[in-house]
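Have a look at the model first, then come back to the points below.

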Amino acid sequence: MNIKKIAFLVLIGACVNGTALYANDQIEEESAVEKQQSDRVQKRSADLTFLYETLRTVHPDLFGRAGKDAFDRRTDEILRSIREDAISDVEFGLDLQTLVALARDSHTSLNIGKILAKDSDIIPFALAHFEEGWTATILPKGKESYLGWQVISLAGIPVDQVCEKMAPLFSHDNTIRLRRQFRQYVSEIDILKYCGILSGSENSIPLELQSFASSDRVVVALPVMRAATEDLPICRLLPAEIIQRPATDYNRKALYFWEKIDPSTLYIQYNQCRNDKKYPMEKMASEIAETLKSNDIKKIVLDLRNNSGGSDGVIGPLMPVIEQSVKAGIPCSALLGEATFSSATINAVMLREIGCVWVGTPTSGNANHFGSVNAFTLPNSGLSVSHSTKYINLNSYFNGGYSDSPLIPNMIVEQKLSDYLNGRDTAIDCLIKE
C-alpha cells in the first residue's frame with residue numbers, strides 16, 4: 001500500500017473518530033440537560049408537595065373558604081405544568097402563590113416581591129383611588145400634563161377588569177385588600193403577563209386616560225423598562241412645591257406622634273403597632289394625658305389610616321387616656337383607611353368599644369380574621385411562606401356583633417383629589433368643621 005493511500009485512510013479514520021467524539025459530546029450534553037430538567041421537575045414537585053402538606057398542617061382552617069376540591073384541582077394543574085417543564089422560576093413561584101391564595105386569608109401568602117427578579121421589567125405607571133375614582137399618580141417623564149387624570153383602561157382592558165384578572169394571584173379576604181395589592185403590583189410586567197393582561201411581546205402598553213375636568217381622552221404609550229434602572233424617567237402626582245403639606249400627612253419615619261393641629265384639636269398619628277424604644281408609648285400617653293388636663297382641647301383624632309399592624313397590645317397605655325377623655329365629654333374620632341390592617345383593625349375595634357367614632361374609608365383588614373403569623377421555607381426554591389396560626393374572633397372579647405368583613409366607618413370620607421393637590425386632608429377638614 002502506497003504512502004498516499006495510507007495517509008488517506010488515516011485521515012478518514014481521524015474524521016470518523018472526530019465525528020464519534022462529537023457525537024459522544026452531544027450525547028453527554030443532551031444527557032446533562034435531561035438530568036438538569038429531571039432535577040428541576042423533582043425539586044419543584046417536592047416544593048409543591050411540601051407547601052400543600054405543610055399548609056394543611058399549620059393553618060387553622062385552610063379549606064374553610066374555597067374548599068379542599070379547589071386546592072386539589074389547582075395542585076394537579078400546577079403539577080402538570082411542572083412536568084411539562086415549560087415555565088420559568090418566576091412563573092413557578094406565582095403558580096404556588098395562586099394555590100396559597102385559595103385560603104382567602106390575607107395573612108397567608110408567599111412574598112410576591114421576592115418571587116420577582118430585581119431586574120424585572122416594569123411600566124412607569126402607578127395609580128391611586130381618590131373620591132373621584134382611579135387616578136394616574138406616576139407616568140413616563142414628559143407626560144406630566146396627564147397626571148391626575150382618571151385611569152380608564154390598561155392594554156385595552158377596563159381598569160376594574162384588570163384588577164379582577166389579577167385577583168387569583170393575591171391573598172385577600174375582602175375587596176379592599178385586593179384593591180390595595182392590585183395597585184401595588186400593576187406595574188410589574190411578569191404579573192401582567194401571568195394574569196393574561198399582556199401577551200408577552202409588547203414593547204409598550206397603551207394606557208387610556210380621561211380628564212376629570214372635561215371629556216378629553218388620551219392614550220399614553222407606557223414603555224417597558226428595567227425595574228433596576230437608576231433614576232427611572234418618571235413623573236409623580238404631587239402638590240405644587242409652593243403648597244405646604246398638611247400636618248397630618250403620613251410620616252413614614254415615625255411609629256407614632258401627636259400634636260395640636262389647631263387650638264382645640266389634639267391629633268395622634270399611629271402608623272405601626274410597634275413600641276418605639278426611644279419614645280415609648282407610655283411616654284406619649286403621659287404627655288397626651290397632661291395636655292388633656294387643659295380646657296382648650298375639644299376633640300381628639302387618632303389616625304390609623306396608614307397602620308398595617310404589628311402587636312395590638314402596644315396601644316395599651318393610651319387606651320385609658322382616650323377612654324377617660326371620651327367619658328369627660330371630649331369626642332374622639334378614629335381615622336380608618338385602605339391600609340388599616342391586622343392589629344390596627346383590632347385597635348380600631350378597641351377604640352370603638354370605648355366610645356370612639358370611625359371616620360374615613362373601609363379597612364383592608366377584617367374585624368374577625370385569621371392571624372398570629374408564622375412562616376416556613378420551601379426546601380428547594382427557598383421561597384418563604386407566611387401563614388396564620390389561629391382565627392381571631394373579636395366577638396369573644398367584645399359584644400359588637402363583628403364579622404368577617406372590613407370595618408365600615410360611621411362617616412365615609414375619601415380623600416378628594418382636589419384637596420390632595422392643594423395640600424389639604426379631606427377627612428381632617430371634615431372633622432374640624434364639625
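1. A quick bit of background: the expected span of a helix is 1.5 Å times one less than its number of residues. Keep in mind that this is a predicted model. Helix H3 (residues 89–100) has twelve residues, and from its first C-alpha to its last it reaches 17 Å, close to the 16 Å expected.

2. Is H3 buried or exposed? Ten of its twelve residues are buried, so the rest of the structure largely encloses H3. Among them are Val 90, Phe 92, Leu 94 and Leu 96, along with Asp 95 and Gln 97.

3. Now for the sheets. One is open and has six strands, in the order E11-E12-E13-E14-E15-E18, with mixed pairing. Strand E11 (256–262) and strand E18 (411–412) are its edges, each pairing on one side only.

4. Inside that sheet, strand E13 (residues 299–303) and strand E14 (residues 332–336) run parallel, joined by four bridges. To find the spot, look for Val 301, whose bridge partner in E14 is Ser 333.

5. Which strands does helix H10 (residues 343–353) touch? H10 packs on the sheet against E12, E13, E14 and strand E15 (357–360), and its direction makes about 130 degrees with that of E15. Helix H8 (residues 281–291) lies across E11 and strand E12 (265–270), at about 20 degrees to E11.

6. There's also an open sheet of three strands, ordered E1-E17-E16, with antiparallel pairing. Its edge strands are E1 (109–110) and E16 (369–377). Eight bridges link E16 to strand E17 (residues 384–392), and Phe 376 has Val 385 in E17 as its bridge partner.

Conventions:
Residues numbered from 1 in each chain as written. Predicted model: local features only at pLDDT ≥ 70, side-chain atom pairs only at ≥ 80, totals over all residues. Heavy atoms only, no water. Helix = DSSP H or I, 4+ residues; strand = E, 2+ residues; numbered from the N terminus. Buried < 20%, exposed > 50% of the residue type's maximum accessible area, 1.4 Å probe, protein only. Pairing = 2+ DSSP bridges. Contact = heavy atoms within 4.5 Å. Axes fitted to C-alpha atoms, helices over the stretch in contact; angles between N-to-C directions.
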